[in-house]
Every structure is written in structure tokens, then in C-alpha cells.
Amino acid sequence: MTTTQTSVVQDLGTLAHRLSHPAGARCVCEPPQVLADRPDGTVVRSGAIVAKAHASDSDHEALAARIALAAAPQLTGILLPPLTAPGRSLTAPEPSGGPQHPEPSEPPLPAPRPVTLWPLGAPVDPSDPEAAPWAEAAVLLARLHRTEPPFRLPAMRGPAKAARAVARMRAALPGDPAVLPVLAGWRALPAWARGEVPAPARRSGFLCHGDLHLGQLVRHPAPDGPWLLIDVDDAGTGDPAWDLGRPAAWYASGLLAAEDWFVFLDAYRSAGGPAVPADGDPWPELDVPARALTVQTAALALAKCAAEQRRPDEHEQLMIESCARIATLPPELAADHAS
């Protein structure tokens, strides 16, 4: 961990501790716990408070709109609401000499990365795949997609994240033939799925999460509250099929069991989700997002392997091989999305 990363983690831990620790009480708290530490998000927990430093290149106006979305009454019971007050500036100088226990609505925020504050939730247990909340995730997505955007929002960032993953892979492995299958799959996608043009108008106005996977669900209040979606950094308006793209890609590549996929799909349809028809073949709508998420996953896997100086594991290799296959598929399923 670099000196800068260490400073960010320490600042976040101090901030979360100040908000979770009762004023004047003798401190017997455990040390802050790092939940994630990546360039696009460092997350630190102290007590019942989670502090998140977002990417340093975040669009502050767009991020503020997304945080306000999570706090909007229309999204109650769907998105985990923030402790950061909507509309407040998301960056401020590092605290010095201020109150030791400020109110959650007006925290001192470390600079220069935008910081938000959240209540602690209980995440999905990765050691218990049979208890994975696929049906609950699908219902939350359907409710999200059916909700009218409460105010003007930026575009969902899913395609932009896919493009960023491919760029990261190229930078990590310049001239390496290992990237060729992934690039072939990438070039076979329509321009909107590569983030180069907006999605087709008929599919672009839905409220979307933008980065759905099981790590984006928590129970709140912990440990037994209802499931809620977290991490709105990529949320916005767009094609709701994108939010089904990752589980669809996992199913198509053999990483997600058929029974789990059909539990997810049936629950989404039963809840009135608009991304796919209520019955019949869902793949004309899911094909492009599933291909794009396959490429994104494979690109990130290769970049990670390069950084760790290792070969892809079995699951990563499956996604890379899937890119080679999807590059050869006929484009008919993607006709409605053609750019």
C-alpha cells in the first residue's frame, strides 16, 4: 500500500470512528476495518459507520446526483440510503481541530477524493453459495427499473466501465497476444455497449444500477434486515438489461448454475421487470449486455493477472475463452441494439 493509500485509509477510519463513537464515551472500539481498497473506491468501517472515498477523477456533480438518488424517498427499500446529506459538498479539507464527534449530516471530509458515509450492512456470505439471494436481487432490480427517475440523472456508467476495463487490460499487457480474444469480443459489440454512443432511445430512459453483482447487496439493519442494493457510483438512466448482463454472462459461460439463473430470471419477470419480455426468449434483449460484461470480466482478469504475475485461474480462463466464442456469433440477437 502506498503512502497516499495509507493516508486515505487512516483518514476514512478516523472519520468513521468519530461518527460511530458516542461523544464523551470511553473508547473501547476495535481498529477500523478496510473493506475495500481500489483506485475507484476505498471503503473503511468503524462500528456501524462505513466511509467511502470515491475515485479521484469522479464527476462531482454526477456523484452528488447519484448520492441524492440513494436518499430519495422513491428508492426507500431498494437502495441503501446514505448518511451524507444530499446536496452537501462531497469534498472538504482534512479536519483539523474541529469537533471530535460531528453530526453524521455534516462530517469533516478528507481531501482530495470525494467521500460519502453509509450505515453498515451485512453482505452476502461468499462461503454459502446456496444461500445467495438471487431472487431478492432480481426483485430489487425489477423495482429499481420500474421506478420513474425522481430527477435528472447522468447516464448509467456500465458501458463506460467496460471500456475502462479494456483500456486497463491494454495498458497492462501492451502487444501481448493473450488480449486478442478479448479485443475480438470487444470489437464485435455495438458502439453503445462500448460507451461510444448513447444507448438506443427506446432502451435508455430506465433507472439502472449499472454494476450489479452479489457484492452489491447488504442486509440493513444488520444482520437480518431486508436486502438492499448498495454502491450507486454507476447508477443512472440507461438500458435495464445491462443490470442482468453479469448473471446472464456467468450463466452462458457456465459459472452460474442453471437453477440459480432461472430463479433470478423468474423472480425478475414475476416482479414486473421491464428489461426482458414477461415470457419467451429473453436473449434478444440480454445478448449484448451479457457479451459486454463477459469482455469486461475477462479484461479485468487479464489486467489483474499481469499485476500479480500469474496465469488466469479456471474461472478467469472460462471468461477469456467465452470472448473468443462470442466474437464469432452471428449478430442477429443484437439487431435491436445495433448502432
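1. Strands here are DSSP runs of E with at least two residues, helices are runs of H or I with at least four residues, and both are numbered from the N terminus.

2. On conventions, residues are numbered from 1 along each chain as its sequence is written, and side-chain values use heavy atoms, with hydrogens and water left out. Because the model is predicted, local features need pLDDT of at least 70 and side-chain atom pairs count only at pLDDT 80 or more, while totals for chains, interfaces and linings use all residues.

3. Strand β2 (residues 41-46) also pairs with strand β3 (residues 49-54), in the antiparallel sense and over six bridges; within this pairing, T42 has A53 of β3 as its bridge partner. The two strands form a hairpin with two residues between them, and G47 in the turn has a positive phi of about 60 degrees. Strand β2 is mostly covered, with five of its six residues buried, where buried means under 20% relative accessible area, exposed means over 50%, and partly exposed lies in between, for a 1.4 Å probe and protein chains only.

4. For the protein as a whole, the secondary structure comes to nine helices and nine strands, and buried residues make up 48% of its 339 residues. Among contacts between residues at least 6 apart in sequence, 73% join residues at least 24 apart, a contact being heavy atoms within 4.5 Å. The accessible surface comes to about 15900 Å², of which 55% belongs to carbon and sulfur atoms; the areas come from the Shrake-Rupley method with a 1.4 Å probe, and for residues only the protein chains shown count as cover.

5. A further sheet deserves a separate look. This open sheet of three strands has the order β5-β7-β8, with antiparallel pairing. Strands β5 (122-123) and β8 (227-229) stand at the edges with a single partner strand each, so one side of each is left without a neighbour in the sheet. Between β5 and strand β7 (residues 217-219) the antiparallel pairing runs over two bridges, and P123 stands opposite V218 in β7. Helix α3 packs on the sheet, touching β7 and β8, and its direction makes about 50 degrees with that of β8; axes are lines fitted to C-alpha atoms, for helices over the stretch in contact, and angles run from 0 to 180 degrees between N-to-C directions.

6. Helix α6 (residues 242-253) has 12 residues and reaches 17 Å from its first C-alpha to its last, close to the 16 Å expected at 1.5 Å a residue, the expected span being 1.5 Å times one less than the number of residues. Nine of the 12 residues of α6 are buried, so the helix is largely enclosed by the rest of the structure; among them are W242, L244, R246 and S253. The cover over the buried residues of α6 includes α3 (134-146), α4 (158-172), β6 (206-208), α7 (258-270), α8 (283-308) and α9 (314-326). The helix is followed by G254, whose phi is positive, near 90 degrees.

7. Rings of Phe, Tyr and Trp (its six-membered ring) pair if their centres lie within 6.5 Å, with planes under 30 degrees apart counted as stacked, over 60 as edge-to-face and the rest as tilted. By this rule the count comes to eight aromatic pairs. One of them, W134 with F264, is edge-to-face, at 5.8 Å centre to centre and 85 degrees between the planes; this pair links distant parts of the chain, with W134 in helix α3 and F264 in helix α7, 130 residues apart. Both W134 and F264 are buried. Ring pairs link W134, W250, Y251, W261, F262, F264 and W283 into a cluster.

8. D231 has a positive phi of about 65 degrees although it is not a glycine, and is found in the loop between β8 and β9 (236-238). Q309, another residue other than glycine, has a positive phi near 55 degrees and lies in the loop between α8 and α9. At 75% relative accessibility, Q309 counts as exposed.

Methods: Two strands pair if DSSP finds at least two bridges between them.
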